[in-house]
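Reader: I am new to this structure and would like a friendly tour. Could you take my questions one at a time?

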Amino acid sequence: MTVQIRPITESEWPAFATVDRESFNSPLSPDQHDRFREFLELERSLAAFDGDLIVGATAVASLTMTVPGGPVPVAGVTAVAVLPSHRRRGILTSLMTRQLNDVHERGESVAALYASEAAIYGRFGYGRAADNLFFHIPTHRSAFVRDAPVDPSLRVRLAVPAEAARADVERVFEAVRTTRPGLYARSDARWRLDVLGDEEFQRRGAGPLRCLIVEDDSGPRGYALFRVKGGWTDHNVPDGEVLVNDLFATDPAAYALVWRSVLDRDLCVRLHAWGRPVDDPLMHLLAEPRQLNAGWLDDLWIRLVDVGRALAGRAYAAPVDVVIEVEDRLCPWNAGRYRLVASPGPVTGKASCERTGDPADLTVPVAALGAAYLGGRPLLAVGAAGLVTEHSEGALRELSTAMSWEPRPWGSLIF
Ligand SMILES: CC(=O)SCCNC(=O)CCNC(=O)[C@H](O)C(C)(C)COP(=O)(O)OP(=O)(O)OC[C@H]1O[C@@H](n2cnc3c(N)ncnc32)[C@H](O)[C@@H]1OP(=O)(O)O
């Protein structure tokens with residue numbers, strides 16, 4: 001089978017979308033699925049054709065994502081799918097190879113994705129750069145610690161319908177976006193159709209999207225977007241559940257009040273939140289953190305497409321001067337030795353990462369560098385797993401410390 005790969009034209013969208021629906025076992029009709037057309041940058045789509053039939057698909061969303069030190073352009077890889085009739089014949093491999101070449105030619109140095117399954121993307125040089133947590137909290141065991149912050153100037157306002165609060169919600173999110181690696185600017189379509197979307201299929205058996213804003217006289221300082229799954233036991237005891245979708249605040253007192261408000265929702269006995277950051281302050285607010293019943297999942301995967309520019313384009317937490325030998329099978333332009341020199345500082349652009357002929361202090365596969373890129377995956381642990389080779393004593397610790405970052409990375413929303 002020979003497969004041809006190219007971007008689709010507008011008229012090919014329905015066939016492209018079919019691959020997505022079939023591969024993801026989507027319950028949506030073609031009409032319902034059409035809303036996703038708004039997310040597609042046609043010229044950044046790629047389809048694999050077997051004759052006239054589209055059998056594989058992927059696309060890139062042009063993102064502005066925060067990395068340690070500030071926001072940079074990032075290729076957000078999405079909509080990866082191969083028809084069940086054509087799986088395991090190398091079509092994904094062809095799509096990924098072409099896509100990485102396209103991203104490189106376009107001058108973007110970093111690609112990111114959310115993986116449907118964690119085993120897929122390591123082979124293409126993506127590293128697991130962030131994790132996220134889910135919480136299942138029995139609300140009657142959710143008391144806060146005694147010293148939880150309280151600001152009497154704050155009040156809670158319900159926004160009905162939720163979309164009426166878009167300006168306030170966006171304002172809070174924008175105030176936070178550049179403070180944490182992984183957060184990315186949300187496009188108009190992302191806000192409208194995704195974050196504030198309230199179609200039946202988005203409700204998953206719960207009620208409409210609800211919103212509460214925490215504010216003072218100067219404006220909004222926090223919000224929660226959530227749904228309530230109402231319910232009663234056989235004995236008429238309230239048994240409702242709060243499902244938190246999106247929750248941000250600009251400061252600790254607002255953060256505490258937003259959480260308190262969703263945890264205290266009347267007639268609800270459990271709160272579920274997915275995709276929370278691994279350093280969520282809620283862990284410190286709850287008097288009984290065990291009651292979070294937390295578990296973790298992989299969040300963002302990062303691929304360095306231009307190692308030199310990517311490493312020079314972020315800030316570092318400690319001084320570093322090491323020669324890194326990069327291994328990269330799929331993007332041979334990356335392979336080779338680089339000297340990374342940086343001093344700690346809050347702004348990007350202070351580091352240099354140039355090609356060098358000097359002997360290597362470390363040998364690092366590109367996926368491990370991608371995993372460490374956002375600062376949440378210390379290379380020291382990757383080295384302890386035997387996946388990084390140290391040639392000069394102390395070099396691994398030096399690089400690991402310099403690349404680590406607080407707060408921990410988190411994308412917060414699948415793109
Ligand atoms: C960013 C995103 O959009 S994530 C969404 C990914 N898409 C989905 O999960 C939808 C359902 N699945 C699919 O559409 C397909 O099975 C895909 C896209 C995951 C894989 O497509 P294929 O064309 O079958 O992959 P391809 O034949 O190129 O496989 C390449 C390699 O990856 C491996 N691989 C492929 N899929 C998986 C998987 N789900 N788990 C583990 N390994 C996998 C193959 O075994 C092969 O390994 P090898 O190189 O050692 O031989």
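Reader: What domains is the protein divided into, and how far apart do the C-alpha centres of domain 2 and domain 3 lie?
Author: Please keep in mind that this is a predicted model. The protein is split into domain 1 (4–108), domain 2 (132–295) and domain 3 (305–403). Between the C-alpha centres of domain 2 and domain 3, the distance is 37 Å.

Reader: Which element gives the largest share of the shell around the ligand?
Author: The ligand is surrounded by 23 residues, and the closest are Ser23, Val80, Arg87, Leu92 and Ser116. Strand S4 (70–82), helix H3 (91–106) and strand S5 (110–114) each contribute at least two residues to this shell. The largest share, 6 residues, belongs to S4.

Reader: How many residues of that shell are nonpolar, polar and charged?
Author: The shell around the ligand is counted here by residue class. It holds 5 charged and 5 polar residues, and the nonpolar ones number 13.

Reader: Which residue takes a positive phi in the hairpin of S3 and S4?
Author: Strand S3 (residues 53–67) and S4 run antiparallel and are joined by 11 bridges. Along this pairing, serine 62 has alanine 75 of S4 as its bridge partner. The hairpin has 2 residues between the strands, and the one with a positive phi, near 105°, is glycine 69.

Reader: Which handedness does the β-α-β unit of S4, H3 and S5 have?
Author: S4 also pairs with S5, in the parallel sense, over 3 bridges. Alanine 75 has alanine 111 as its bridge partner in S5. Together with H3, these two strands make a β-α-β unit that is right-handed.

Reader: In the open sheet of 5 strands, which are the edge strands?
Author: The strand order is S17-S16-S15-S18-S19, with mixed pairing. An edge strand here pairs on one side only, and this holds for strand S17 (352–355) and strand S19 (389–390).

Reader: What residue stands opposite threonine 363 in S19?
Author: Strand S18 (residues 362–365) pairs with S19 in the antiparallel sense, over 2 bridges. Opposite threonine 363, S19 places threonine 389.

Reader: At what angle does helix H12 run to S15?
Author: Helix H10 (residues 366–373) lies across strand S15 (320–327) and S18, at about 85° to S18. Helix H12 (residues 395–403) packs on the sheet too, touching S15, strand S16 (336–342), S18 and S19. Between the directions of H12 and S15, the angle is about 100°.

Key:
Residues are numbered from 1 along each chain as its sequence is written. This is a predicted model: local features need pLDDT of at least 70, side-chain atom pairs count only at pLDDT 80 or more; totals for chains, interfaces and linings use all residues. A residue is near a molecule or strand if its C-beta atom, placed from the backbone, lies within 6 Å of it. Helices (H or I, at least four residues) and strands (E, at least two) are DSSP runs, numbered from the N terminus. Ala, Val, Leu, Ile, Met, Phe, Trp, Tyr, Cys and Pro count as nonpolar, Asp, Glu, Lys and Arg as charged, and the others, Gly among them, as polar. Domain bounds come from an automatic or database domain assignment. Two strands pair if DSSP finds at least two bridges between them. A crossover is right-handed if, with the strands pointing away from the viewer, the path from the first strand over the helix to the second runs clockwise. Two residues are in contact if their C-beta atoms, placed from the backbone, lie within 7 Å. Axes are lines fitted to C-alpha atoms, for helices over the stretch in contact, and angles run from 0 to 180 degrees between N-to-C directions.
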